[in-house]
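The following briefing goes through the two chains in turn and then through selected residues. Please keep the sequence and the model in view while reading.

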Amino acid sequence: MNELTTFLHQKTTAVLEETLENMAFVSIEECTLEEATNLKQPMLGVNLLITEPELLEIRLDVSKELLYQIAETMYTMDRDELSDQLINDLLAEILNTLAGRFMTVILPPESDFSLSIPELADDEESTSEFKFNYIAEDLPLSVEIKAAEMDNLNSLLNN
Amino acid sequence: MKRIVIADDSGTARMMICRCLEIIGLADAEFAEAENGKEGLKLVKQEPADLLISDLNMPVMDGESLLRWVKASPKLVDLPVLIITSAGNQAKTDKLLEMGAFGVLNKPINPAMLSEALAPLINNEDG
């Protein structure tokens, strides 16, 4: 792992841990892409753009089963009461919180940033260098950081 | 505290805020929910509220515009507005406080954070 990948991985892991523990009392463990893939779970993905100070995209993919488990706990509802809309909203709010924390921890306190409204991902998951895989409750999830230009990511590291 | 208006485009976020408010002893309050700032403004204009809790990043009308409208209205100017956001930093927090926000909290929130932020309002009521 190069310096940039290590930096992004550490920050992503820290904010994902904090977000899921606070929102859903769920703890995560890091895993490899192979370990995550071997679990063969249907996934649901959501994207969010960071429009300032650099144009970046953060994507979160979570096992549908894990989302349902989190929603059952958070909403104290039975599975058959949980609508697709509620599950999608939960996924979007996790990413929204995660992205905000991510930018807060990587930028200096005085730096401003802007987030777009999260949107469900309609394309396949990719396997880029900045995709980090995790397991929670024996189910997979991943976070991927994308940038149109490598310079955008490098400038974050230099902040 | 009798009526609390919560403006957030995420139903999950609104549910989490309500749950935290219940945990810190405000279960008896009426929670009125709005999906954006415009709806939130309508709710606080329709019926007096004791607290407005708003997200920043919302479609139609964002939380900053909502705060601006509230603080520009002679009838609503004294309504405490607590901003809960995922897009907060010190610079934005300072700006919102300068605009008249009662407080600014960063997501993910928990009952302890909310309790501490609302303590001056709740203690004031008790006294």
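The accessible surface of chain B comes to about 5,800 Å², and 49% of this area belongs to carbon and sulfur atoms; such areas come from the Shrake-Rupley method with a 1.4 Å probe, and for residues only the protein chains shown count as cover. For chain A the accessible surface is about 7,700 Å², with 46% of it belonging to carbon and sulfur atoms. The model is a predicted one, in which local features need pLDDT of at least 70 and side-chain atom pairs count only at pLDDT 80 or more, while totals for chains, interfaces and linings use all residues. Residues are numbered from 1 along each chain as its sequence is written, chains are lettered from A and ligands numbered from 1 in the order in which they are written, and side-chain values use heavy atoms, with hydrogens and water left out.

**Chain B as a whole**

- Chain B contains five helices and five strands, where helices (H or I, at least four residues) and strands (E, at least two) are DSSP runs numbered from the N terminus.
- Starting at the N terminus, the order of these elements in chain B is β-α-β-α-β-α-β-α-β-α.
- The C-alpha trace of chain B spans about 30 × 30 × 25 Å along its principal axes.
- Of the 127 residues in chain B, 54% are buried, a term that means under 20% relative accessible area, with exposed meaning over 50% and partly exposed in between (1.4 Å probe, protein chains only).
- Among the contacts (heavy atoms within 4.5 Å) in chain B with a separation of 6 or more, 62% are accounted for by residues 24 or more positions apart.
- Chain B carries 13 positive and 19 negative side chains, and the centres of the two sets lie 7 Å apart; Lys and Arg count as positive and Asp and Glu as negative, without His and the chain ends, and the place of a charge is NZ of Lys, CZ of Arg, CG of Asp or CD of Glu.

**Chain A as a whole**

- Chain A has five helices and seven strands, and their pattern along the sequence is α-β-α-β-β-α-α-β-β-β-β-α.
- With a radius of gyration of 15 Å, close to the 15 Å that the globule rule gives for 159 residues, chain A is as compact as a globular protein of that length.
- Taken along the principal axes, the C-alpha atoms of chain A fill a box of roughly 45 × 30 × 30 Å.
- Buried residues account for 49% of the 159 residues in chain A, and residues 24 or more positions apart make up 67% of the contacts in chain A with a separation of 6 or more.
- The charged side chains of chain A number 8 positive and 33 negative, with the centres of the two sets 4 Å apart.

**B:Asn36 and its surroundings**

- B:Asn36 sits in the loop between strand 2 (30-34) and helix 2 (37-46) of chain B, and it counts as buried because its relative accessibility is 9%.
- A polar atom of the B:Asn36 side chain lies 2.9 Å from the backbone nitrogen of B:Lys38, and a polar atom of that side chain also lies 2.9 Å from the backbone nitrogen of B:Glu39.
- Apart from neighbours within four places in sequence, B:Asn36 is in contact with B:Ala7, B:Met58, B:Pro59, B:Val60 and B:Met61.

**B:Glu47**

- B:Glu47 belongs to the loop between helix 2 and strand 3 (51-54) of chain B, and at 38% relative accessibility it counts as partly exposed.
- Not counting residues up to four places away in sequence, B:Glu47 touches B:Arg3 and B:Glu30.

**Backbone features in loops**

- The peptide bond from A:Glu52 to A:Pro53 is cis, with omega near 0°, and A:Pro53 is found in the loop between strand 2 (43-52) and strand 3 (56-63) of chain A.
- In chain B, the peptide bond from B:Lys107 to B:Pro108 is cis, with omega near 5°, and B:Pro108 lies in the loop between strand 5 (103-106) and helix 5 (111-126).
- A:Phe25, although not a glycine, has a positive phi of about 55°; this residue lies in the loop between helix 1 (3-24) and strand 1 (29-31) of chain A and counts as exposed at 72% relative accessibility.
- A:Lys40 has a positive phi near 45° in a residue other than glycine; A:Lys40 is placed in the loop between helix 2 (33-38) and strand 2 of chain A, and at 70% relative accessibility it counts as exposed.

Key
A polar contact is a pair of N or O atoms within 3.5 Å; within protein, one must be able to donate a hydrogen and the other to accept it, and residues adjacent in sequence count only if both atoms are side-chain atoms. The radius of gyration is taken over C-alpha atoms; the globule rule is 2.2 Å times the number of residues to the power 0.38.
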